[in-house]
Amino acid sequence: MDRNQWKWLAVLIVFSIIVLAVVLYFTIDEQTITYLQQLKPVYLIAALALHMISMCFWSMRIKMMSLSLGYKVPFLHCLNMVFANLLIAAVTPSQAGGEPVRIHELYRVNVPLGDATAIVIIERVLDGILLGIIGGVAMFLLWIGAEELGLTITIPLLFMWLMIVGFVVLFAYSVKNPEFLKRLIKKVSGWFTKRWRAEKIEKLTKDIDEEVDNFNSALKNYVNHSKRGLMWGALFTVLYWFSEFYIASLILMGLGEGPHIVESFVAQIIIAIIMMIPLTPGSSGIAELSATSLYALFVPSAIVGIFVVLWRLILYYFNIFLGIFGTVIIVKREVVRKAIKDKIAKAGQLRKN
């Protein structure tokens with residue numbers, strides 16, 4: 001990340017801390033001290049360990065989906081690319097900035113750019129499909145309890161879920177009909193190129209056609225030749241999301257509450273759907289407020305604030321730490337690679353002389 005991105009990350013962290021401070025201010029009371037005295041650290045350690053296990057599930061998804069195409073990507077390389085991806089995801093809306101990092105890291109271990117892109121895009125689609133399916137169940141349960149939750153919350157959440165489902169359907173249709181995707185991209189790009197010269201627009205149109213064809217070819221090649229990869233991808237997608245969702249229940253047990261597994265899973269699904277909407281970079285502020293509003297429905301108000309702080313520490317601030325760790329490893333590797341390349345080039349120049 002460049003200097004501006006680091007500054008932006010600092011702003012987001014400060015903003016998130018302010019929101020957490022406000023949440024704590026309105027939720028802490030005399031009972032909070034009692035709950036804290038009953039704190040069970042073993043559950044919090046288990047939550048942190050489960051988060052690391054979910055990172056391993058994500059890494060195995062990349063490894064097995066790559067292997068299904070014949071590319072042997074080391075597990076530790078996959079794990080480090082997942083770590084590095086977390087840092088960029090923390091400063092981009094919908095956490096979308098992590099995709100280019102994973103594509104770059106796959107390319108670095110000799111996975112062709114087209115196949116690397118296909119793997120990462122299909123990862124995102126598998127996430128969308130799973131969240132769409134279980135999100136539908138969550139929306140149904142919310143609709144049943146709309147009187148308790150309030151239509152002002154239920155209807156916007158339903159709209160967000162429909163947007164995600166619509167995106168997955170639109171993506172599937174565009175893969176099957178690349179001409180539709182070309183027309184869509186050209187129409188969108190046309191809004192920004194009205195003042196361009198004709199030859200420049202013609203070149204852009206040609207580039208769009210070429211890139212969509214390459215992208216479509218890579219995706220179709222993966223789907224047609226890697227059914228096993230899709231199966232592994234689906235399996236590790238389920239394991240990843242369910243382990244991430246269960247972290248909240250472990251935190252609740254650490255605070256002396258029941259796990260509230262069903263209610264917590266529904267809340268986590270809704271939060272995940274909200275976080276996929278590009279509202280704020282890294283969903284900073286949005287995630288804290290969403291979790292506070294949803295968990296306040298079934299968790300004592302005295303510990304809602306503490307719960308949200310612990311939950312965000314594990315799933316946001318710890319992710320930033322992992323992201324910095326992974327990024328440092330990549331930067332060091334690139335520096336060494338560049339030094340070796342320069343040394344070889346210099347040696348070749350000396351031979352010529």
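**Helix H12 and its partners**

Mentor: The crossing of H12 and H13 is right-handed, that is, the near helix is turned clockwise from the far one by less than a right angle. This is a predicted model, in which local features need pLDDT of at least 70, side-chain atom pairs count only at pLDDT 80 or more, and totals for chains, interfaces and linings use all residues. Residues are numbered from 1 along each chain as its sequence is written, and side-chain values use heavy atoms, with hydrogens and water left out.

The axes of H12 (residues 261–276) and H13 (residues 286–295) come within 10 Å and cross at roughly 155°; axes are lines fitted to C-alpha atoms, for helices over the stretch in contact, and angles run from 0 to 180 degrees between N-to-C directions. H12 is therefore roughly antiparallel to H13 (over 145 degrees). In contact (heavy atoms within 4.5 Å), H12 residues including Ile 270, Ile 271 and Ile 274 meet H13 residues including Ala 287, Ala 291 and Leu 294. By class, this contact of H12 with H13 has 10 nonpolar, 3 polar and no charged residues (Ala, Val, Leu, Ile, Met, Phe, Trp, Tyr, Cys and Pro count as nonpolar, Asp, Glu, Lys and Arg as charged, and the others, Gly among them, as polar).

H12 also meets H11 (residues 227–254): their axes come within 9 Å and cross at roughly 120°. H11 is therefore oblique to H12, and the crossing is right-handed. Among the contacting residues are Trp 241, Phe 242 and Phe 245 of H11 and Ile 261, Phe 265 and Ile 269 of H12.

Terms used
Helices (H or I, at least four residues) and strands (E, at least two) are DSSP runs, numbered from the N terminus. Angles under 35 degrees count as roughly parallel, over 145 as roughly antiparallel, 65 to 115 as roughly perpendicular and the rest as oblique.
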